[in-house]
Amino acid sequence: MSFQRLAIGTILLGALLVSVVAATNAQPTFGLADSSILLVLIAFYAFTEFFPLKRLQHTISLSSSVELLIFLKFGLIPVVLISQVLISVSRWANEKKLDLWKIMANGGMFLVLSGGSASVFYLMGGSHSAALFHNLLPLLTYILAHFVLNYLLLFIFLRNLSGIRLKDFLSDAKFDLISSLFAASLGLLVILLYEGDGLYGLLAIGIPMILCVYVFKLFNDVWRSNALFRNLAALTGIVSGELAVSALSRQVTQELPKWFQAAHCVIFMQSNSDIVPLSVSADCPEDAVAAMREYLIRTSGPSRMPYLAKRLSEEPEFTPLSYRALLVTPFLTEPGQFGYCCLLSNENEFDSTSLDATAILANQLGVSYRNAMRYEHVEKQSLYDELTQLPNHRFCERRLREEVERLHGSAPLSLLLIDLDHFKQINDRYGHLAGNTVLRSLARTFENCLRNNDFVSRYGGEEFIVVLPGADKEIALTIAEKIRASVASKKITVSDMDNVLSQISLTVSIGVATIPDDTEDEQQLLRFADRAMYYGAKQAGRNRVAAYEID
């Protein structure tokens with residue numbers, strides 16, 4: 001059943017139930033003299049509805065403590081009307097919009113709750129004119145019925161909408177039961193004081209209750225701020241010590257959502273005139289990432305200041321989605337380029353403290369990102385040959401060792417050692433700049449001859465090494481011959497020492513060795529390929545491929 005049909009069915013059932021219960025049971029009469037009491041109760045009800053007690057992901061609403069007295073003093077219809085108006089106003093104040101179907105669903109559920117609880121109250125002999133002592137059992141059954149019906153209706157809705165299991169749904173039942181009993185006991189105390197002292201008794205319990213709620217809110221805000229900044233200190237410590245850009249951003253998107261109840265985190269980076277996601281928290285939907293990206297492209301201006309957007313329903317990118325708040329903290333990645341740490345939530349859980357904490361984190365993230373980029377640049381310089389932009393000898397030996405360790409069983413791996421024939425003559429005749437041109441050109445030729453998972457590096461001088469994971473001797477010889485033929489047919493344009501352009505050609509000699517046919521050790525593999533290149537190719541006349549042969 002769709003949400004709309006369920007909402008309509010619930011509100012029709014609730015309206016019918018309330019009408020029947022109210023018509024078949026005597027309701028209290030009240031006049032102008034009771035208006036002051038009604039206004040005080042409405043004020044208390046509004047305060048408890050607008051300022052519920054919150055602790056972590058749990059919420060305790062004390063509105064039911066006031067609702068009991070309104071029901072007992074003024075009857076079923078007034079409690080339904082007052083609660084529906086105040087709940088709708090409270091929802092609008094929090095969400096800045098009113099969803100008709102949600103209002104109908106919530107209204108229908110409350111009508112069923114009120115009608116069902118009131119019918120139990122009347123069946124147990126409850127009366128609006130009796131004292132608390134005589135109404136104690138009916139009121140307790142009213143409270144119990146209200147709790148059970150509330151859980152039952154919520155489960156029906158969630159089961160139809162998301163297929164939630166009963167075990168998962170009941171995970172918070174213990175807390176909800178205790179909080180309901182707390183609110184109910186407070187409601188019974190309100191009734192007792194009202195019966196004894198009237199309006200003064202109501203004020204005697206109401207005003208301290210309001211002050212307690214406000215003090216609890218202040219305490220909760222302070223505790224939450226402390227928790228945020230404790231988490232901030234821990235995360236900035238992790239971020240400041242991370243020197244890999246991908247790991248750095250992943251740490252933030254994994255840990256930052258844990259600070260909140262229902263938040264997604266995405267880190268975006270400017271890429272020329274575009275903005276692209278760098279890291280996304282695990283459970284963030286693709287449509288949310290796309291909406292944030294489009295929003296940033298449209299709104300990111302020259303100020304680059306952190307900001308909190310609370311009315312996402314008014315933003316065109318988020319209109320089809322159900323998110324309520326977006327927190328954006330830009331950070332500098334390099335001069336003129338920015339990254340964006342974004343938090344998106346379908347709850348109104350971000351405030352100025354959240355903004356301050358994430359802004360501090362974003363500043364540290366910017367510093368750590370720039371440090372990580374410098375480190376990666378220095379590391380690349382130490383592992384790559386600047387002339388050919390190929391990995392160097394150090395990187396080659398490390399990668400070869402990793403590939404050998406990755407082998408399982410009799411899986412093959414081959415190695416090619418390539419040496420340029422008569423390369424010294426090119427340097428002597430055309431100059432070292434021409435030799436550099438040749439090396440750069442051949443590096444690209446080697447890359448173009450390889451498979452996707454193959455690996456070529458400059459081993460030193462005019463020698464290159466190619467690692468071929470998964471290639472047996474036959475495949476390695478085929479690839480080596482492809483390289484040899486490509487080089488032999490290649491014409492390279494160079495400028496000599498007199499700045500005269502010339503086209504030159506050259507050849508290569510290649511030695512091939514294979515694991516496990518020849519050895520199972522990477523150092524032996526290098527020696528055998530070198531030996532095959534020197535004795536099998538160089539001494540045999542150059543411009544040829546030779547495989548290692550055991551003597």
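The largest nonpolar core has 45 residues, and Leu41, Leu62, Ile70, Phe71, Leu76, Leu139 and Leu202 touch the most other members. By nonpolar core I mean a set of buried Ala, Val, Leu, Ile, Met, Phe, Trp, Tyr and Cys residues joined through side-chain atoms within 4.5 Å; buried is under 20% relative accessible area, exposed over 50%, and partly exposed in between, with a 1.4 Å probe and protein chains only. At least two residues of this core come from each of α1 (3–24), α2 (35–50), α3 (63–74), α4 (76–95), α5 (100–123), α6 (132–162) and α8. Helix α8 supplies the largest share, 11 residues. Helices here are DSSP runs of H or I with at least four residues, strands are runs of E with at least two, and both are numbered from the N terminus.

This is a predicted model, in which local features need pLDDT of at least 70 and side-chain atom pairs count only at pLDDT 80 or more, while totals for chains, interfaces and linings use all residues. Residues are numbered from 1 along each chain as its sequence is written, and side-chain values use heavy atoms, with hydrogens and water left out.

Let us turn to individual residues. Contact means heavy atoms within 4.5 Å. Beyond its neighbours within four places in sequence, Leu202 is in contact with Ile37, Val40, Leu41, Phe44, Leu69 and Val190. Apart from this core lies another, of 32 residues, among them Tyr430, Ile479, Ile492 and Leu506.

Where is Thr236 placed? Thr236 belongs to helix α8, residues 173–240, and is buried, at a relative accessible area of 17%. Not counting residues up to four places away in sequence, Thr236 touches Leu361 and Gln364.
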